[in-house]
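Subject: Structure handover

Hello,

Here is the structure we talked about. Please open it and keep it beside you as you read the notes below.

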Amino acid sequence: MQLLLILMALLLPPGAGAAEIIGGREARPHSHPYMAYLRIQSPEGGSACGGFLVREDFVMTAAHCLGSTIMVILGAHNISRQERTQQRMSVLRAIPHPGYRRQNLQNDIMLLKLTNRARRNRFVRPVALPRSQAQLRPGSRCTVAGWGRVSQNRRTDTLQDVQLKVQRDRVCSNLFNVFNSRSQICVGDRRERKNAFRGDSGGPLVCNSVAQGIVSYGNGAGTPPGVFTKVSSYLPWINRTMRRFKMARNQRRHHHTTPPMTDSSSLGRSWLSEI
């Protein structure tokens, strides 16, 4: 139970203290055009998470970022301003992985179907997903970006990024008894004060221009390593889900009904009420 409480401290969104970048720097404006900022509303209040555009009409994030309603902001650098580069749109349907379990933080991945397709330009562009389940080698350097606190007590509204090193699975297995090497990645060198921390939740781990991971959990102090959902382990579910919505759109054109998908509002209330 104590471990779960420590892990959940990382998962709490910004209103309650959400995952942020520690040890990073302000990103060059619009150098991560796939980044999405999620404003989440739930019965408990407002919060925020990160996410990333994977198709013009889909954003990927963590399942623990689920809420009653979600507003997506693309093309942002400073989220406190109404920048001309920004595209704001609501979420038509939130689709957490059916195997998501908040008790052990497994399958912490969710797809957000946008109400409108994003307009591709140099400020807004999807990131590539892995094409296979090839493993990341320990020592690989990858980038994480996000908005929020840059320390326990200091906030920033501008996008921050940091380079982190992939670790051997046993490093996280020794620290977290819920770590699953088949579906999670261990990231961050304990000798460096660099990590994703509270509000970066749901943001991508990008390695060689490919989104390999999703910020999921870590220890409550923000010290590395952290645990990321392994995107490649979910490729069949990701492709099937996005293809299903493409089929649904085609069916509507031919006056057929849309296949039912998960209702995010009831799931969001259930998850958030138990934090």
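Three disulfides turn up when the whole structure is searched. Keep in mind that this is a predicted model. Number the bonded cysteines in sequence order and the pairing reads 1-2, 3-6, 4-5. Here they are, one by one.

Start with Cys49 and Cys65. A disulfide joins them, with the sulfurs 2.1 Å apart. The torsion about the S-S bond is about -80°, so this disulfide is left-handed. The link connects distant parts of the chain: Cys49 sits in strand E4 (residues 45-55), while Cys65 sits in the loop between strand E5 (58-61) and E6. The two cysteines are 16 residues apart. Are they buried or exposed? Both Cys49 and Cys65 are buried.

Next come Cys142 and Cys207. Their disulfide has an S to S distance of 2.0 Å. The angle about the S-S bond is 105°, and the link is right-handed. Cys142 has 1% relative accessibility, so it counts as buried. Cys207 has 5%, so Cys207 counts as buried too. The cut-off for buried is under 20% relative accessible area.

Then look at Cys172 and Cys186. Here the sulfurs are 2.1 Å apart. This link is right-handed, with 80° about the S-S bond. It also ties together distant parts of the chain: Cys172 belongs to helix H2 (residues 169-173) and Cys186 to strand E11 (residues 184-187), 14 residues apart. Why does Cys172 count as buried? Its relative accessible area is 0%. Cys186 has 1% relative accessibility, so Cys186 is buried as well.

Leave aside its neighbours within four places in sequence, and its contacts include Phe52, Val54, Ile109, Leu111, Leu129, Ile214 and Ile238.

On to the strands. Find E6 (residues 69-74), which runs antiparallel to E3 (residues 35-42). Six bridges join the two.

Asn107 lies in the loop between E7 and strand E8 (110-114). Its relative accessible area is 19%, so Asn107 counts as buried. The cut-off is under 20%. What does the side chain of Asn107 make a polar contact with? The partner is the side chain of Tyr234, at 2.8 Å. Beyond neighbours within four places in sequence, Asn107 is in contact with Ala63, His97, Gly99, Tyr100 and Tyr234.

Best wishes

How values were computed
Residues numbered from 1 in each chain as written. Predicted model: local features only at pLDDT ≥ 70, side-chain atom pairs only at ≥ 80, totals over all residues. Heavy atoms only, no water. Contact = heavy atoms within 4.5 Å. Pairing = 2+ DSSP bridges. Helix = DSSP H or I, 4+ residues; strand = E, 2+ residues; numbered from the N terminus. Disulfide = S-S within 2.5 Å. Buried < 20%, exposed > 50% of the residue type's maximum accessible area, 1.4 Å probe, protein only. Polar contact = N/O pair within 3.5 Å; in protein donor to acceptor, adjacent residues only side chain to side chain.
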